[in-house]
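Biologist: I'm new to this one. Can you put it on screen and walk me through a few spots?

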Amino acid sequence: MTGGLSLAELREKVGDIWYEVLDVPEGLEAATFSDLEGEFSAAARLVGRIKEELGISIDVGDVFDADPNLEALVERVALDAHVPMAV
């Protein structure tokens, strides 16, 4: 469970995980998972950390197959956590 996280808090926490796991270089903040040369093991680490730290389960395929950028991943996590997206 998200413990009542706001979208901003969720965005920050998922962003921290994304930047740590993928070691995002400066200038590639909008890059997709594959742009950052993400592999299946990185997708599994992202999903595992999101589950461990936020209590939100998403599928590895949501990362590996969908090839999201950070914002798209935040939207996916928010959907599964029932956190309303800002208008």
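Biologist: Is Phe64 buried, exposed or partly exposed?

Modeller: Phe64 is partly exposed, with a relative accessible area of 36%. Keep in mind that this is a predicted model.

Biologist: Which ring pairs with Phe64 at 5.5 Å, centre to centre?

Modeller: That is Phe40. The planes of the Phe40 and Phe64 rings are at 75 degrees, and over 60 counts as edge-to-face, so this pair is edge-to-face.

Biologist: Where do Phe40 and Phe64 sit in the chain?

Modeller: Phe40 is in helix 2 and Phe64 in helix 3, 24 residues apart, so the pair links distant parts of the chain.

Biologist: How many aromatic pairs does the structure hold?

Modeller: There are 2 aromatic pairs. Phe33 and Phe64 form an edge-to-face pair, with 6.4 Å centre to centre and 75 degrees between the planes. Phe33 comes from the loop between helix 1 (7-22) and helix 2 (40-54), while Phe64 belongs to helix 3 (residues 60-64), 31 residues away. Phe33, Phe40 and Phe64 form one aromatic cluster.

Biologist: And Phe33, buried or exposed?

Modeller: Buried: Phe33 has 1% relative accessibility.

Biologist: What about Thr32? Where does Thr32 lie?

Modeller: Thr32 lies in the loop between helix 1 and helix 2. Its relative accessibility is 18%, and because buried means under 20%, Thr32 counts as buried.

Biologist: What does Thr32 touch?

Modeller: Leaving aside residues up to four places away in sequence, Thr32 touches Trp18, Asp67, Pro68 and Asn69.

Biologist: Switching to helix 1. Which residues of helix 1 are buried?

Modeller: The buried ones are Leu7, Leu10, Val14, Gly15, Ile17, Trp18, Val21 and Leu22. Down the axis of helix 1, these residues fall within an arc of 165 degrees, so they line one face of the helix.

Biologist: Why would residues a few places apart point the same way?

Modeller: An α-helix has 3.6 residues a turn, so residues three or four places apart point the same way.

Biologist: What do the buried residues of helix 1 pack against?

Modeller: They pack against helix 2 and helix 4 (70-81). On the other side of helix 1, Ala8, Glu12 and Glu20 are exposed.

Biologist: How many residues does helix 1 have, and how far does it reach?

Modeller: Helix 1 has 16 residues and reaches 22 Å from first C-alpha to last, close to the 22 Å expected at 1.5 Å a residue.

Biologist: What comes just after helix 1?

Modeller: Asp23, which takes a positive phi of about 50 degrees.

Key: Residues numbered from 1 in each chain as written. Predicted model: local features only at pLDDT ≥ 70, side-chain atom pairs only at ≥ 80, totals over all residues. Heavy atoms only, no water. Phe/Tyr/Trp six-rings, centres within 6.5 Å; stacked < 30°, edge-to-face > 60°. Helix = DSSP H or I, 4+ residues; strand = E, 2+ residues; numbered from the N terminus. Buried < 20%, exposed > 50% of the residue type's maximum accessible area, 1.4 Å probe, protein only. Contact = heavy atoms within 4.5 Å. Expected span 1.5 Å × (residues − 1). Arc of directions from axis to C-beta.
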